[in-house]
Amino acid sequence: MIDGESAADSKGTVNAVLRACRLLECFTHERPALTLGELAERTGLNKATTHRLLATLVQAGWVSQRADGAYKVNMRLFAVGSVALAELNLRDEAAPLLRDLSARFGHTAYLMVPSEDGAVCIDLVEGAGPLTVKQITVGSVLPFHTAAGPMTMLAHSSALRERWLSRPLRRYTPHTLTDAEVLRGELKKIASEGYTVSDEDFLQDVGAVAAPVFDSSGGLAATVSLGGPATHFRGTGLVGVIAAVREAAAELSRQLGAQGRAPAEG
């Protein structure tokens with residue numbers, strides 16, 4: 001292993017960051033505290049480099065040094081890791097509910113979470129129906145003012161709503177709502193009813209139904225939605241779809257520790 005001091009390699013990765021990550025990966029449940037020498041040995045770095053990296057991690061708050069000189073990771077690292085763990089748990093809990101929705105109606109079931117830039121699809125189960133929505137995959141980010149899942153998030157989060165509606169709203173189809181005041185009225189209705197019906201407002205010929213998922217604090221955690229041909233999300237048959245999506249979202253909320261249905265914000 002080369003222990004050079006170059007800031008970055010030819011691919012643009014920062015070597016110091018990679019080495020710091022190697023140091024953090026040395027800590028385990030069995031060995032939660034390690035000395036400078038042990039860390040240098042485990043990573044193959046020399047002690048001078050290891051000490052500089054540790055000093056930086058200490059200053060950043062990721063690592064602290066005990067009275068006996070050994071190093072241990074701090075709660076800040078746990079807090080960051082818990083974000084990934086929470087998402088993993090959310091997907092695991094939601095998976096059977098998504099599979100059931102997809103199998104029952106033949107459409108694609110989605111699990112989405114809010115992010116800074118829009119609603120992120122973190123899991124989906126494709127249906128056996130004639131239309132598969134290829135434009136939305138795991139990792140897709142959808143604008144908050146269109147589609148059932150994102151609109152549900154906007155309806156149940158005043159912070160998201162105020163931030164998103166303060167900007168110009170892009171029109172994706174002739175059915176996209178781009179007037180902020182008209183959209184506010186629709187969001188108020190969504191929050192009151194507890195579900196959203198989307199009808200070709202993001203993608204032509206695509207409709208969807210979504211419902212909110214709440215966490216143990218009563219805050220918005222995610223949305224569960226079902227999407228497919230727009231004609232299948234109209235008329236009397238929509239009643240059963242709405243009921244099933246709402247029940248799936250409510251069940252996931254219960255699994256996350258939510259106590260009943262959380263009230264919408266603002």
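1. In this predicted model, helix α5, spanning residues 148-155, is mostly covered, with eight of its eight residues buried. The buried positions are A148, G149, P150, M151, T152, M153, L154 and A155.

2. Strand β4 (residues 108-114) is likewise described as mostly covered: six of its seven residues are buried. On the pairing side, β4 has an antiparallel partner in strand β9 (residues 220-229), with five bridges between them.

3. The largest nonpolar core comprises 26 residues, of which L101, L111, V224 and L252 touch the most other members. At least two residues of this core come from each of α4 (75-105), β4, β5, β8 (206-214), β9 and α8 (238-255). Helix α8 provides the largest share, namely eight residues. As general background, nonpolar side chains in soluble globular proteins tend to be buried together.

4. The surroundings of L101 deserve a separate entry. When neighbours within four places in sequence are left aside, L101 is in contact with G106, A109, V224, L226, A244, V245 and A248. One of these partners, V224, is itself among the core residues that touch the most other members. A further core, of 25 residues, lies apart from the largest one; its members include A119, F144, A147 and L220.

5. What is the crossing angle between the axes of helix α1 (residues 15-25) and helix α3 (residues 47-60)? The two axes cross at roughly 85° and come within 10 Å of each other. Angles of 65 to 115 degrees count as roughly perpendicular, and α1 and α3 are therefore roughly perpendicular to each other.

6. The contact between these two helices involves A16, R19, A20, L23 and L24 on the α1 side, which meet T49, T50, L53, L54 and L57 on the α3 side. Classified by residue type, the contact of α1 with α3 contains seven nonpolar, two polar and one charged residues.

Notes
Residues numbered from 1 in each chain as written. Predicted model: local features only at pLDDT ≥ 70, side-chain atom pairs only at ≥ 80, totals over all residues. Heavy atoms only, no water. Axes fitted to C-alpha atoms, helices over the stretch in contact; angles between N-to-C directions. Helix = DSSP H or I, 4+ residues; strand = E, 2+ residues; numbered from the N terminus. Parallel < 35°, antiparallel > 145°, perpendicular 65-115°, else oblique. Contact = heavy atoms within 4.5 Å. Nonpolar A, V, L, I, M, F, W, Y, C, P; charged D, E, K, R; others polar. Buried < 20%, exposed > 50% of the residue type's maximum accessible area, 1.4 Å probe, protein only. Pairing = 2+ DSSP bridges. Core = buried A, V, L, I, M, F, W, Y, C linked by side-chain atoms within 4.5 Å.
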